[in-house]
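Hello,

Here is the structure for you to look through. My notes follow below it.

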Amino acid sequence: MPAVRDLQDRLGYVVLAATALAYFAVYTTSLGRPPGSFDYLAILNTTMPLVLVALGQSLVVLTGGIDLSVGGVVSLCVAITAATGGTPGWILAVLLLGTLCGLVNGLVVAYGRIAPILTTLATLSVYTGAALWVLPVPGGSIAPEVRAVLSNPNAPTGLGWLALAVAGWWVLRRTRFGMRVYAVGSDETAARAVGVPVERVKAKVYALSGLCSAAAAVFYVATTTAGDANAGAPFILTSIASVVVGGVAFTGGKGSAMGAVAGAVALTLVIDVLFFAGIDPLYQSLFQGLFLVVAVLLGTGAALLARRRSA
Amino acid sequence: MNRRVGYAAAVAAVVLLLGAVLSPGFASWPGLRAVLVVASFTGFVAAGQMLVVLVGGIDLSIPWVLNAAAIVLTTTGLGMADRLPLALALAIGAGLLAGLVNGLGVAWLGVPAVVMTLGMNGVMQGLTLGVSQGLTCGECGHYAPQPLRDLFAGTVPAALLVWLGAALFVTVLLTLTTFGRRVYATGANPRAAYLSGVGVKGVTVALYTLSGGFAALAGIMLVGYGGQASLGLGDPYLFESIAAVVVGGVSILGGRGHYLGVVAGSLTLVAVTTVLRAQQVPEHGRLMIYGLVILAILFAYGRERAHD
Amino acid sequence: MTVMATGVGRAFGGVQALRDASFAARPGEIHALAGENGAGKSTLIKVLCGAIRADTGTVAVDGRIATAFQELSLLPDLTVAENLLLAAPPRGRLGLVRRGRLRHEAGLVLSRYGATGIDPGSPARDLPVSQRQMVELVRVLASEPDVVFLDEPTAALAEREVDWLAGHMRRLRDAGACVIFTSHRWREIERLADRVTVFRNGTNVATRDRMTEEEAITLMTGRTLGATYPEISAIVPGESALTVTGLTSGRLRDVSFDLRKGEILGIGGLAGQGQRDLFLTLFGAGKPTAGRLSVTRNTHAGREPGTTAGPDSPSVNPESAPATAGPGRSSHRFAARMERWSARQPKDAIRAGIAYVPEDRKAEGLLLHLSIRDNIALATLARRSRAGFIRHQAEKAAISGIAATLAIGAGRSTSQAAGTLSGGNQQKTVMARWLLTDADVFLLYDVTRGVDAATKHDIYHLIADLARDGKAVLFYSSETEEIAGLCHRVLVLREGRVVTELPGPVGDAETIVAASIREPADA
């Protein structure tokens, strides 16, 4: 039953569409007018950091791993960006550093043979400590011209960056490396047996996740115009949630980073939906938690249905 | 017992010795007692975490199950000794219930453990914040009933006996009972266990329920220790519980591990932080060293087997 | 020589898989490696193709190598096309993979090698195991190698597909390639190999152009075996033990039969005709949609019949009770209708006196890193416990008893990990688990797969002994010969239905195979 199986594969898009509809409905009924371009832009700018972290996280999850250190890498990169004022030169340095942090994870996982969840748990602590070292108290700034290019509240520059991220994935998926990512996640032993350089693929994937986290950090500072050494912590669980809602399987090899991107946007939208629906913000995480589980149940339910029909 | 328990114990011994050398007073009973008491909190959450890790699962709902139980305790106990039994029952019950729902979601609905428990963490957080109105409710300011706080008084605090009891419970359950055998079998190969008549789903549900109960127990003890409940009380215990389990020599892939190792792991983690604090290492340095110590331990005995 | 290994040694943990092994093969020959499980054949192939390093000795292989490993190396989430062309996918501008082209080219490769009926766009996971094996083989063939290693290439193939592979192996040989393969089926070695090298205990013991099966077995085991199959005609089946009526489940369609006490009933047919669904469903691990099932229990003193006995209810220790000392019998239908099937899980079936020994011991049978004792005890834990606590003395006695009876692990302590045992001993460990349950009905699903000749022999006699003790045995094997030699009666399955019933012992496999592929009379 390919149509039903597609639902599982496209879970992220289905959930995003449903959430967007809900957003449109509650916004319109509560304010008496449909959301305008300013609202969409605000959502886009708020969601960009999570979109990027989720993109990197999904790559790691596709190989059957998990990256808890995204929280630490984001914190560290936020701290450096804000502390240095986010000039283009420093931004480049931050992107390099993020990649390096990710690469360390990758090397430990691939060559040190330590489970990803444990490796990144340990480095999370190291990177978070480093962030605190760089920026002991919240503060810092970002160059206005950088902000104008990255997350301009008045011009849809964010859309361009989102398109760039999507295009990056599209290209990656069509390289041999992209195929190998799926091969490693699908069955590592078999991939090794047919000549896939499993260690190198893993190292690269974690490095890419680090790069994505660094980019997310730059966007974060651009949007909030200041830094905080604990800024990254929430991204650990929200990036995992995005990946899950996006229909990427934790066993690896199944799903798409685009699903995770859709999941990230949906998760951000849910907060607005709750707000416009007049729900006490204290209950916010209750509904986010339910949203997560229900979205996944929807996916597994569809998969189950597909299996029933084909049996 | 397996080799990894030995390693875990050795590491704990080395860290404690190092502490004794580096900071005077650490080796004294009051110094050690402080470490043990703080380690017991990690020990409680890690007991639950270990049980689910043994079947290849994970419990990310620990922070807010813990926090919810802590707040249930203070708001129903109202600081009165005679209300304590009721408050304890409600707090533990809340933890068990959250764990039960986790277990049912994982075992019967097939929701991945990461998702189910992450979602539950959110649900518990929302419920706790919402119902207590952000801990501003009338009953929210109460202290823990006195008998609970007395657990932490004396030369040998009764809290440590509670930990000893928990350790005995988990160890006996896992090593001497048929249930324990089924747990290890499920962790080692769920399909084979199922085809040998093990009620894999039932075992899974029981373990998640126990994990919820242990998180609640930790919350109760933390309230007794600190006197009052606060928001974010459980946040440090999510990753700390996983770290303690792994430093304790439990395989993250399931099927292998003993609680004795986890006790050693909890001691190691708390002792490291305590020693660094005593050395007046700033917070950023503590975090970095903490991470590096875990990494070093992982390299020593937490590696997966070679590929060929 | 194209392939040459001299004095090769290799150890895994404490187990010496290869010791001072030497091997040579030349271009233009098909060379078979024969030997019991754990004799070192697979390890030698892995060393020769470079998947693992040798600890000692030298290895030299000339030319392009391609290997089909015993553990299938297809990537389940990738499509057949991606699997076939992973190493060199067709790429366009910017070096990007061209998806449409990929699929097209894969389709061409499949048809060029005569592997028809496989959709190149289908994920490998969705293919039946025989087709997966074929894709794996096509990938190896398509690389047009000079040296080919095929480790148990026919294990998952039906007879027709074996012919297909045989054709390709001969073609490669005639083109000058060196083809090296292993098989547990002597018939295939006899039919295909130009030369045979026999391995025993990690080293080569003989290389010859011709060899009879008896010679080979002697070389492989170091001892001579009696008649291959035990005499079963002296065992007379008694009354009904298990009645199946109109069972529909998975691929199965409306299957009915009666399995009697002391009977070995064979289930024949080509691979994938519903045999697995039949076994799993009878064991409560399938999802039946129609039909009914009833078992007749031998009741033992102290043990309640059927499903009314709880799993933790005290019961007579089967080790101390005579196996067939049933003073009374009761017929207990543990499902009146499938819709209300009470054996919803294996637990229920075990309670009703049914045992299931699976083919794939690593996936479905063993807990590899747990001890041999834990493995054997697993299905009968409740019997040796009081209030949920294990009675360790009783357990120790029961387990060492059965381990000694079956000669598991050659005197090794039962506290060692099951993963350290050889394949044959692993299978015996799983058998021991089920013998302890003292079941009345044994479902044996391809239990000799990947097992060495000596253990196979032991297992045949074990099965005959079960029947002699009045147990009912349902037997399936991917080696049709075993069904022909060992069963009182054979039901042939085709597309989920029973198409023929053959009285046994059938004797020759050809009769069963012919019945498997013949069109039904009424069609």
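**What was found**

Chain C has 16 helices and 21 strands. Both are DSSP runs numbered from the N terminus: helices are H or I with at least four residues, strands are E with at least two. This is a predicted model, where local features need pLDDT of at least 70 and side-chain atom pairs count only at pLDDT 80 or more, while totals for chains, interfaces and linings use all residues. Residues are numbered from 1 along each chain as its sequence is written, chains are lettered from A and ligands numbered from 1 in the order in which they are written, and side-chain values use heavy atoms, with hydrogens and water left out.

Stay with chain C for a moment. Of its 523 residues, 56% are buried. Buried means under 20% relative accessible area, exposed over 50%, and partly exposed in between (1.4 Å probe, protein chains only).

Now look at where chain B meets chain C. Chain B brings 24 residues to the contact and chain C brings 38 residues. Contact means heavy atoms within 4.5 Å. The buried area here is about 2300 Å², and carbon and sulfur atoms give 59% of that. Buried area is the accessible area (1.4 Å probe) that two parts lose on being put together, summed over both.

How many salt bridges are there between chain B and chain C? The count is 3. A salt bridge is a side-chain nitrogen of Lys or Arg within 4 Å of a carboxyl oxygen of Asp or Glu. On the chain B side, helix 7 (158-176), helix 8 (178-188) and helix 9 (190-194) each supply at least two residues that touch chain C. Helix 8 of chain B gives the most, with 6 residues.

C:Glu395 forms a salt bridge with B:Arg181, with the closest N and O atoms 2.4 Å apart. C:Glu395 lies in helix 12 (residues 392-405) of chain C and B:Arg181 in helix 8 of chain B, so the pair joins two chains. C:Glu395 is buried at 1% relative accessible area, and B:Arg181 is buried at 12%.

B:Arg191 and C:Glu364 also form a salt bridge, at 3.0 Å. B:Arg191 is in helix 9 of chain B and C:Glu364 in helix 10 (residues 361-365) of chain C, so this pair joins two chains. B:Arg191 is partly exposed at 30%, whereas C:Glu364 is buried at 6%.

Finally, turn to chain A. A:Glu188, A:Arg192, A:Glu199 and A:Lys202 are linked in a network of salt bridges.

Best wishes
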